[in-house]
Amino acid sequence: MSDSSVNQGRILRNLMRLMDVTCRNSLYEVLPRGVQVWLPEPSLGVYPDLMVVSGAPLLHDGQEDKVLNPCVMFEILSKPTPGYSPEALALTERSGLFRLCREIPYLQEYVFVHQTEARVEQFYRAEESLWGMTTQTGLDRVVELAITNARLPMMDIYAQVDFSLLV
Amino acid sequence: MGGGTKAMTDTIDQAKTRMQELCDRWGPRVDYLAIRLEQSEGTDILLRGGAVETLSEAIAIGGHVRACYRGGWGFASFNDLDSLTLCIESAVAAARLVGDDETRLAAIDPVQITQRLPLTGTDPRAIPLARKKVLCSHYADLLQGVDPRIATTSVRYADVAQRVLLATSEGTLIDQAWSDMEMRFAATARDGNTVQTGRETTGSRNAYEDLDHLDPQVMGAAQRAVAALDLPPVKGATYDVVIDPILTGLFVHEAFGHLSEADMAYENPDLLEAMSMGRRFGPDTLQIFDGAAPQGHRGSYGYDDEGTPATTTQLIQDGVLVGRLHSRETAGKLNEAPTGNARCLNYHYSPLVRMTNTWIERGTTPVDNLFADIKQGVYARNWLEGMTNGEMFTFTAGEAWMIRNGKLAEPVRDVTLSGNVFRTLADIEAIGDDFYWDESGGCGKGGQNGLPVGCGGPSLRIRNVVVGGEAADGNE
């Protein structure tokens, strides 16, 4: 979290604001960057940019800094990444973090937020071991998170973000 | 049958007449009115690391009302029969508020019928919860006992008996019931930093006994996880690949089948164009079907959740696209015949266009011959994980071997098969003469996840498949 760009910081603040409003007074709780998600196998801690926990945080061996049960995770991509194309030879892995986190049985959605353009890629668990994906591109679109019933206008996710800034 | 269930059965029986009366009374205010009432009785068990995380039995009753007026839909759900009239009022009012066009529902013949999908063995409701838990613990012990390197296991059991009543303003009154069962097993093996997982899933609409004698199958999941610890990763490249019937079933359902759902195409002009009738997708020998009419599979039923009779729809004939899957609305809008594919997970949801049992027809190539002439390729069986994005897919094989000079060679791990579904269908080189129905399928769409489906197919030989496994970047 030490290397955030200004844009990354703005997106994170916006997401936190939007998700906190959505989840306040609900069963869900938003936890910001800095809280560790613990992966029991392979005994590894990871730090999402933002996560949502359903109900009370489940802690690994009662340790307060090791959350086991995020249901939604956000990752703000630090570098420009090409979008998925049907012309591509293969559906490539978006990030190593996502690959690891798919093993979390509680995880239902993993959301990639680009910072160099208004693009959000949303992976959702369609079945226990099957993931589907949708992309929203452009400031007039809305990201919908089925699990928390959240509607996140892209205009608000990218509020004050300056796309002319280099990462 | 417990007292609660008996009372509920009486309630649902009494509701039948009332539902029809209400449809008759309120139907004239809209173009179409449907009341769907559902009674369900189910069990859920989840053991993680052998310890109970979920152990529950539940009975529920609830329903929903759908109304359509000038093409606009109103929907309301209820879990208290006393609020049925209020729900109808609310759905009718909503439909009248949003409807501003034309209602175009493909016509069906109204039907009055009572239908029970027959079990071939023991009804899971006759088995006490304690015995189901013992079965889960037995399988968890089996998984754990395979090797000291098994780090975690999970065993999930679910059964549900559903009875569904559907009454419509067109005079349909259907009373259907079925039982569905599913078990999922996973074992994770660990050696130092290497972690490997093995999975196995099964399901049935036939008998509890189908879940009762799975020892070799369950142990297989743990054995594959342990064996993979010592295997070399596959060298990423484009290979000729042979896949087993389970992977074929996954491919035909996940990669192709969802694109055949007319609601997806109707909402996406590019997809509608890509899925043009008459377009060639594969070789002359390729036949693909979907249908709830074939009996005994996870996606089998008599009538869908709009009262359309189950059918068998040929999607691809001799390699050419000839059909797609419909609700009454998508069939009406596209001027095609309804196919009986409108399904909802439960009363909280409206029906969507869903697959039922989806399969590729058996071919004529002896399975051994599928490997012939492949100088260097990959043979993949079963699957661990899948991901789809429109036309693109990635499936991780459950186990895999290299093929060298037409013969099976050394086993390898981390085999992901990736590609574009249209190119992959065109690259099918040979269709095996084997066939297997995989009854493990649960399907997710629009937040309605875990809908039972059947998937089937033969082994396939496909050329030019991108095989790899490593992440595009490694920022963990």
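**Entry: overall form of chain A.** I began with a definition: the radius of gyration is taken over C-alpha atoms, and the globule rule is 2.2 Å times the number of residues to the power 0.38. I kept in mind that this is a predicted model. Why call chain A a compact globule? I found that its radius of gyration is 15 Å, and a compact globule with 167 residues would have one near 15 Å, so the two agree. I also looked up the box that the C-alpha atoms fill along the principal axes, and noted roughly 45 × 40 × 30 Å.

**Entry: what chain A is built from.** I listed three helices and ten strands in chain A. Following the sequence, I wrote down the pattern α-β-β-β-β-β-α-β-β-β-β-β-α. Of the 167 residues, 37% count as buried. I then turned to contacts between residues at least 6 apart in sequence, and saw that 53% of them join residues at least 24 apart.

**Entry: two spots in chain A loops.** I stopped at the peptide bond between Glu41(A) and Pro42(A), which is cis, with omega at about 25 degrees. Pro42(A) sits in the loop that links strand 2 (37-39) to strand 3 (44-46) of chain A. My next stop was Asn149(A), which has a positive phi of about 60 degrees although it is not a glycine. I located Asn149(A) in the loop between strand 9 (142-145) and strand 10 (150-153) of chain A. Is Asn149(A) buried or exposed? Asn149(A) has 12 other C-beta atoms within 10 Å, so I marked it as exposed.

**Entry: where the chains meet.** I noted that 28 residues of chain A are in contact with 37 residues of chain B. Several elements give two or more residues to the chain B side, among them strand 5 (150-168), strand 6 (173-191) and strand 15 (376-389) of chain B. Which strand gives the largest share of that side? I found strand 15 of chain B, with six residues. By type, I sorted the residues on the chain B side into ten nonpolar, 18 polar and nine charged.

Strand 15 of chain B also pairs with strand 8 (residues 130-137) of chain A, in the parallel sense and over three bridges. There I saw Trp131(A) standing opposite Met387(B).

**Entry: a sheet in chain B.** I traced an open sheet of six strands in the order 11-10-9-14-23-20, with mixed pairing. Strand 11 (320-321) and strand 20 (436-438) of chain B stand at the edges with a single partner strand each, so one side of each has no neighbour in the sheet. Inside this order, strand 9 (residues 288-291) and strand 14 (residues 357-360) of chain B run antiparallel and are joined by three bridges. I wrote down Trp359(B) as the bridge partner of Phe289(B). Helix 5 (residues 245-256) of chain B lies across strands 9, 14, 20 and 23, at about 120 degrees to strand 23 (454-457).

**Entry: one more loop.** Asp414(B) also has a positive phi of about 60 degrees and is not a glycine. I placed Asp414(B) in the loop between strand 17 (407-412) and strand 18 of chain B. With 18 other C-beta atoms within 10 Å, I logged Asp414(B) as partly exposed.

Key:
Residues are numbered from 1 along each chain as its sequence is written. Chains are lettered from A and ligands numbered from 1 in the order in which they are written. This is a predicted model: local features need pLDDT of at least 70, side-chain atom pairs count only at pLDDT 80 or more; totals for chains, interfaces and linings use all residues. Helices (H or I, at least four residues) and strands (E, at least two) are DSSP runs, numbered from the N terminus. A residue is buried if 20 or more other C-beta atoms lie within 10 Å of its own, exposed if 12 or fewer, and partly exposed in between; C-beta atoms are placed from the backbone. Two residues are in contact if their C-beta atoms, placed from the backbone, lie within 7 Å. Ala, Val, Leu, Ile, Met, Phe, Trp, Tyr, Cys and Pro count as nonpolar, Asp, Glu, Lys and Arg as charged, and the others, Gly among them, as polar. Two strands pair if DSSP finds at least two bridges between them. Axes are lines fitted to C-alpha atoms, for helices over the stretch in contact, and angles run from 0 to 180 degrees between N-to-C directions.
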